[in-house]
Amino acid sequence: MTRFRPDGEPAHEDFGAFVPGSRLRLDGAAAGALAGLTFAAKDLFDVAGHVTGCGNPDWAASHAPAARSSVAVEKLLAAGASLVGKTITDEISLGLLGRNRHFGAPINPRAPDRYTGGSSSGSAAAVAGGLANIALGSDSGGSMRVPASFCGLYGIRPTHGAVPVEGLMTQSPTFDTAGFFARHADLFARVGDVLLPPAPDEEIAEILIADDAFAHADAEVREALRDAVEQVKVAVGSGRSIVLAEEGLRTWNRHQVHIQSSEFGQTFAPWVDAVDPRLSYDVAAAIAKGRNLPAEPCAEARTFRAQVRARLDALLERRRALCLPTTPILPPHRDLSLDETATAGERIVDLTCIAGLTGLPQVSLPLGIWQGLPVGLSLIGWRGSDRALLSFARRVGRP
């Protein structure tokens, strides 16, 4: 049966994952660690000679082709992986569900009546649908972790700065990271070997179960992850429960939103003023709010960020990892109203703000399922523990 995107266009076999038009393809090197594999790249990553569209036709029309490819794209090509297309992103990366009024919402191959998660929506759909072995995405507020959970994938938000972001569209500079998806744990770790900097061989010594993060999650999510939490604790050999945020995770959320909104307001305001682009209501409202935030709460939020960053560095320094649901909700149905969409996004940020504010690495592991729906379990590691997290994913995940 033919599936249809919200704009009425048929998704066919590509799950609506790729940017409309002729498919961009580049052959990788003949030899390398990823030779013979394929990857897709979110349409925020530059590819030399091509316009980076960023999910908005007026952005594409107002920007010249890239002079060179992003560092992440170059690294994958040099390792032998071939690029098979640029993928749809939520409009200028401002979204967590996988909606784009201009190009439609990619189909979630694991749950076609539900969203993929965003803003790396097309990349997640491409990997979950078997259209690419690997896909590049970005994560500022949750854009790798959310689609990984909703589509049943391995996904990583690296330590801030661990994967170079040169050639990736700027959204919020102190939050922007470049990550990747894979369906299988072994490949997930192999991609990390290509993209991540060298690091000492380390293993997680203790799991800290963030009880307050689990309390934020719906009952179905908690139940879906019950066995996975035990699996992770057994694999490490040591685990205990903690309350992470005594001041409440919604407070963390508020401070993240203040800083991130201020940054993307500054990023996009000059373009909006110059081009007067077509924007969906929620994206336009977010930019308008972000560019007009008063300075005092933003300064307070930056002070708070420094405090919780130091707190988590101390908490995790002895090779500990936090365990929490990747998102507090199941993949939402595709017919949400704008108001329901905003509520879902706010709840998601209650959990994604933890790694966002602290700049720590987080992996989402596809270890849970609820009535056929994927549910991700996350581990947040100490700063620079990206390879240790990927190694652990290889131990507990599907090969």
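Helices α8 and α11 are roughly perpendicular to each other in this predicted model. Two packed helices are described by the angle between their axes and the distance between the axes. For α8 (residues 249-275) and α11 (residues 338-358), the packing angle is about 75° and the axes are 8 Å apart. This angle falls within the range of 65 to 115 degrees and therefore counts as roughly perpendicular. On the α8 side, the contact is made by Leu249, Arg250, Trp252, Asn253, His255, Gln256, Val257 and Ile259. These residues meet Glu346, Arg347, Val349, Asp350, Leu351, Cys353, Ile354, Gly356 and Leu357 of α11. Classified by residue type, the contact of α8 with α11 comprises nine nonpolar, four polar and four charged residues.

Side chains of opposite charge can pair when their charged atoms come close. Over the whole structure, 18 salt bridges were found. One of them joins aspartate 282 to arginine 99, with 3.2 Å between the closest N and O atoms. Aspartate 282 belongs to helix α9 (residues 281-291), whereas arginine 99 is located in the loop between β2 (82-87) and α3 (121-128), so this pair ties together parts of the structure that are 183 residues apart in sequence. Aspartate 282 has a relative accessibility of 29% and counts as partly exposed. Arginine 99, at 27%, also counts as partly exposed.

Aspartate 186 is part of helix α5 (residues 185-195) and arginine 394 is part of helix α12 (residues 386-396), so the pair connects parts that are 208 residues apart in sequence. The relative accessibility of aspartate 186 is 31%, which places this residue in the partly exposed class. Arginine 394 is likewise partly exposed, with a relative accessible area of 37%.

Glutamate 206 lies in strand β6 (residues 206-210) and arginine 320 in strand β8 (residues 320-325), and the two residues are 114 residues apart. Both glutamate 206 and arginine 320 are buried, a class that requires a relative accessible area under 20%.

Salt bridges also occur as a network, in which Asp139, Arg145 and Arg157 are linked.

Technical notes
Residues are numbered from 1 along each chain as its sequence is written. This is a predicted model: local features need pLDDT of at least 70, side-chain atom pairs count only at pLDDT 80 or more; totals for chains, interfaces and linings use all residues. Side-chain values use heavy atoms; hydrogens and water are left out. A salt bridge is a side-chain nitrogen of Lys or Arg within 4 Å of a carboxyl oxygen of Asp or Glu. Helices (H or I, at least four residues) and strands (E, at least two) are DSSP runs, numbered from the N terminus. Buried means under 20% relative accessible area, exposed over 50%, partly exposed in between (1.4 Å probe, protein chains only). Axes are lines fitted to C-alpha atoms, for helices over the stretch in contact, and angles run from 0 to 180 degrees between N-to-C directions. Angles under 35 degrees count as roughly parallel, over 145 as roughly antiparallel, 65 to 115 as roughly perpendicular and the rest as oblique. Contact means heavy atoms within 4.5 Å. Ala, Val, Leu, Ile, Met, Phe, Trp, Tyr, Cys and Pro count as nonpolar, Asp, Glu, Lys and Arg as charged, and the others, Gly among them, as polar.
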